[in-house]
Amino acid sequence: MTEKIHQHMYTRERKGIFQDSAGYDTIAMSEGLEPFFVKKYLHPFCLYHGPKKLREQGNRDSSCYPPAVTIFQPETGELVIGQAVFVPADFTGARSTYFMHSFVIPSDQKDHWVQQPEMLFQLKESFQTSYDISQGPVLPELELVSYKKADILEDIVLNRLGIKNADLQQLLYAVMTSISGKKKVFITLNVPLQEYSRYALMLLELLFLYLPYAFRNMLGAITFTSEPETRNYIHVTFFEPGTLNISDPSIKKQFIFDFAGGFISSVSLPLEQKEFFDFAFEDLTRMDDFFKFSEMALAGLPVEEKLSLESYNQLTDLFLTLANDDRDLFLKDKVAFLDKLIKFLKHREEDKSPLVELFLRVLENGQLAVDLNLRMKNLKLEDLKCFRDNISDELVLKIKNETARDYFLVLKALSKLINSSGESASCYLKLLTSNGRHQLNGMLQRILSEKSISAPFRLLFIAFETSNDEVDFPKLLNFIINHYNEMTMCSFIKESANLAAVDLLFRSSLKSYLIHHPRSIWKNKTWRKELQSVNDSLFKLFVKEIEKETSNPLVRLLKGMS
């Protein structure tokens with residue numbers, strides 16, 4: 001059952017719910033609200049800082065004071081929307097105060113609200129501006145909150161606020177950066193104070209239309225305060241013009257958009273990250289479809305990816321390719337395009353059929369297969385360590401192009417070999433074509449030759465395995481000679497001692513190396529003793545053969561005569 005919307009009211013009164021004495025406190029709230037939640041999350045945002053200009057004039061005309069709408073989303077999952085208004089006189093009649101009415105949207109309704117921006121920014125008529133405590137401390141829980149549904153006309157809003165399109169793009173970038181990072185966005189508007197929150201809400205709604213859902217699900221904002229101040233959960237603060245202290249270190253490092261004073265802090269949209277912005281500001285009407293596509297593609301990915309501008313630049317290319325059935329973006333850089341697809345297919349691929357279909361379609365391109373072969377020759381060990389969690393085995397098997405399929409099988413096999421055990425890679429090795437196996441061997445040999453420490457010897461056997469499941473031992477031994485030291489060779493022979501009795505090819509190759517190779521470790525007394533000490537009866541017989549054939553001819557003659 002869907003949880004209902006809770007209400008909360010806060011002001012200065014004779015007594016409140018949490019204290020019996022006069023002062024600021026909750027005066028009424030819905031029964032479903034937990035006291036802990038109210039005290040920890042709502043009370044810190046129950047505030048109102050009226051314009052300094054009006055306070056200095058002693059102006060108590062409430063119509064001159066802008067309301068302050070606060071929107072924030074704590075880690076508990078709720079969406080809180082509240083409005084604070086100036087009240088000329090409190091219950092004593094002697095001093096001014098403020099009154100705040102908030103709606104707490106439960107987490108299971110939040111997605112619906114953030115996908116309908118007017119529900120957040122056009123609630124003005126639903127907020128109460130006073131409450132008679134004689135009506136009791138309990139407020140009803142609501143099924144819904146009424147709101148207007150007036151279209152936000154971008155050109156009219158920007159013209160009225162004197163904001164250029166380029167400024168709006170910078171502002172959007174700053175807001176996205178704030179939500180994904182730690183910097184805050186502070187804004188002034190060149191409008192009358194009494195209309196301040198009205199235009200702040202319009203600008204916020206306009207920005208909201210350009211924000212992907214993951215960003216919307218975190219945005220916090222205050223539409224008016226007397227001077228800029230950083231607060232938890234708040235990313236965007238509209239403050240009174242003329243109160244900016246740019247020399248304050250805590251403010252100086254934030255994003256400042258002083259539209260009233262004609263000053264914007266040093267914020268610039270990176271030129272290399274423009275795909276999303278170019279698309280968004282070309283046609284706003286397509287953004288809802290794009291955001292729904294993005295939610296599908298980002299499912300299962302970490303939060304940092306969902307809050308990364310790079311992700312949305314990548315998704316823009318994929319969306320336009322699918323929506324327009326246009327291959328130009330793919331043909332521009334085929335391998336990079338494929339990488340974008342793979343990034344989003346790593347998680348919950350079964351729920352991303354449009355991306356799966358696009359992935360299989362682009363892999364039918366013959367030139368892409370050639371490009372993948374070239375890339376494979378330049379892959380490094382670090383690349384394989386990152387390949388551990390990639391596209392599923394089921395998806396790889398759906399690839400029709402053999403060269404492209406081999407590419408993924410080789411990467412999967414190598415990743416398993418490098419990161420885990422050889423047994424887990426056997427299923428991929430069996431599926432490789434002869435060309436694919438040749439590529440795998442070459443890559444594995446190159447990787448092993450670049451390792452600064454001795455590699456697991458099982459990888460050497462795999463790297464020199466032939467198509468008929470045998471091992472090219474002469475090449476394997478030469479590889480160790482050329483790329484490793486004598487200690488590694490000695491260790492390899494000792495660990496492979498049992499093979500000398502059961503594998504004739506290994507036996508003959510090892511024998512030839514030990515007896516005839518100019519760099520044979522048998523010539524070194526230390527390594528010779530190591531081999532002679534191996535506790536394997538069959539290997540000891542093999543060693544005796546080596547001893548016999550490498551001994552001095554005169555010694556062999558005398559032994560034969562004895």
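Mentor: Let us begin with Cys427, which is partly exposed at a relative accessible area of 38%. Here buried means under 20% relative accessible area, exposed over 50%, and partly exposed in between, with a 1.4 Å probe and protein chains only. Please note that this is a predicted model, in which local features need pLDDT of at least 70, side-chain atom pairs count only at pLDDT 80 or more, and totals for chains, interfaces and linings use all residues. Residues are numbered from 1 along each chain as its sequence is written, and side-chain values use heavy atoms, with hydrogens and water left out.

Trainee: And Cys46, is that buried or exposed?

Mentor: Cys46 counts as buried, since its relative accessibility is 5%.

Trainee: How many disulfides does the structure hold?

Mentor: It holds zero disulfides, a disulfide being a pair of cysteine sulfur atoms within 2.5 Å.

Trainee: Turning to helices, how do α15 and α16 cross?

Mentor: The axes of α15 (residues 334–345) and α16 (residues 353–362) come within 10 Å, and they cross at roughly 145°. Axes are lines fitted to C-alpha atoms, for helices over the stretch in contact, and angles run from 0 to 180 degrees between N-to-C directions. Helices (H or I, at least four residues) and strands (E, at least two) are DSSP runs, numbered from the N terminus.

Trainee: Which residues meet there?

Mentor: From α15 there are Phe337, Leu338, Leu341, Ile342, Phe344 and Leu345, and they meet Leu355, Val356, Leu358, Phe359 and Val362 of α16. Contact means heavy atoms within 4.5 Å. By class, the contact of α15 with α16 has 11 nonpolar, no polar and no charged residues. Ala, Val, Leu, Ile, Met, Phe, Trp, Tyr, Cys and Pro count as nonpolar, Asp, Glu, Lys and Arg as charged, and the others, Gly among them, as polar.

Trainee: What lies in the loop between those two helices?

Mentor: Arg348 is placed in the loop between α15 and α16. Its phi is near 50°, a positive value in a residue other than glycine. Arg348 is partly exposed, at 45% relative accessibility.

Trainee: Back to the core, then. Which residues touch the most other members of the largest one?

Mentor: Leu189 and Phe359 do, in a nonpolar core of 163 residues. Such a core is a set of buried Ala, Val, Leu, Ile, Met, Phe, Trp, Tyr and Cys residues joined through side-chain atoms within 4.5 Å. Leaving aside neighbours within four places in sequence, Phe359 is in contact with Leu338, Leu341, Ile342, Leu345, Ile391, Leu395, Ile399 and Phe408.

Trainee: What about α24 and α25?

Mentor: The axes of α24 (residues 473–483) and α25 (residues 486–495) come within 8 Å and cross at roughly 150°. Leu476, Leu477, Ile480 and Ile481 of α24 make the contact with Thr488, Met489 and Phe492 of α25. By class, that contact has six nonpolar, one polar and no charged residues.

Trainee: A change of topic: where does Tyr233 lie?

Mentor: Tyr233 lies in the loop between β8 (221–225) and β9 (236–239). Tyr233 has a positive phi of about 70° although it is not a glycine, and its relative accessible area of 26% makes it partly exposed.

Trainee: Finally, what does Glu547 touch?

Mentor: Not counting residues up to four places away in sequence, Glu547 touches Trp522 and Gln532. Glu547 is placed in helix α29 (residues 537–550).
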